[in-house]
Amino acid sequence: MQEGKHPQYREVLFVDVSNGFKFVTRSCVQTRETGKTDDGRELPLFKLDVSSESHPFYTGTQKSVDNMGGRVEKFRNRFAKKK
C-alpha cells in the first residue's frame, strides 16, 4: 500500500450515549477523543446516539402504526374517496 492514500484502519471504541453500551470494532472513522475499554485498553472513542441495544426495533419496544387505537382506520375512513 502506498503511504498517504489510505485511511487509518484501526480498532475504535463505540459508545451508545443513551445507555452506556460499549463495543470495539475496526473502523476508519476520525475521532478526537479516546476512551478506555473494560479490559483497560485506551482506544479512539466514537459516540453513538442509537445502537442495537437502544433501537426500538431491536429491543422489541417498537409500536406498529396500524395498532395505535384505530387512528389509521379513522384517517382512511375520513379521507377515502366516495364511489
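The following dialogue explains how to read several features of this predicted model.

Biologist: Which helices and strands does the chain contain, and in what order do the elements run?

Modeller: Helices (H or I, at least four residues) and strands (E, at least two) are DSSP runs, numbered from the N terminus. Here there are two helices and four strands, arranged β-β-β-β-α-α from the N terminus on.

Biologist: How many bridges join strand S1 to strand S2?

Modeller: Two strands pair if DSSP finds at least two bridges between them. Strand S1 (residues 10-16) and strand S2 (residues 22-27) run antiparallel and are joined by six bridges. Valine 15, for example, has lysine 22 in S2 as its bridge partner. Five residues lie between the strands of this hairpin, where glycine 20 takes a positive phi near 80 degrees.

Biologist: How many salt bridges does a search of the whole structure find?

Modeller: A salt bridge is a side-chain nitrogen of Lys or Arg within 4 Å of a carboxyl oxygen of Asp or Glu. The search finds three. In one of them, arginine 41 meets glutamate 11, with the closest N and O atoms 2.7 Å apart. This pair links distant parts of the chain, since arginine 41 is in the loop between strand S3 (33-36) and strand S4 (42-48) and glutamate 11 is in strand S1, 30 residues apart.

Biologist: Which other residue forms a salt bridge with arginine 41?

Modeller: Aspartate 39 does, with its closest N and O atoms at 3.4 Å.

Biologist: Where do glutamate 33 and lysine 47 lie?

Modeller: Their side chains meet in a salt bridge (3.5 Å, N to O). Glutamate 33 lies in strand S3 and lysine 47 in strand S4, so the pair ties together parts 14 residues apart in sequence.

Biologist: Is aspartate 39 buried or exposed?

Modeller: Buried means under 20% relative accessible area, exposed over 50%, and partly exposed in between (1.4 Å probe, protein chains only). Aspartate 39 counts as exposed at 56%, while arginine 41 is partly exposed at 35%. Glutamate 11 is partly exposed at 30%. Of the 83 residues of the chain, 18% count as buried.

Definitions and conventions
Residues numbered from 1 in each chain as written. Predicted model: local features only at pLDDT ≥ 70, side-chain atom pairs only at ≥ 80, totals over all residues. Heavy atoms only, no water.
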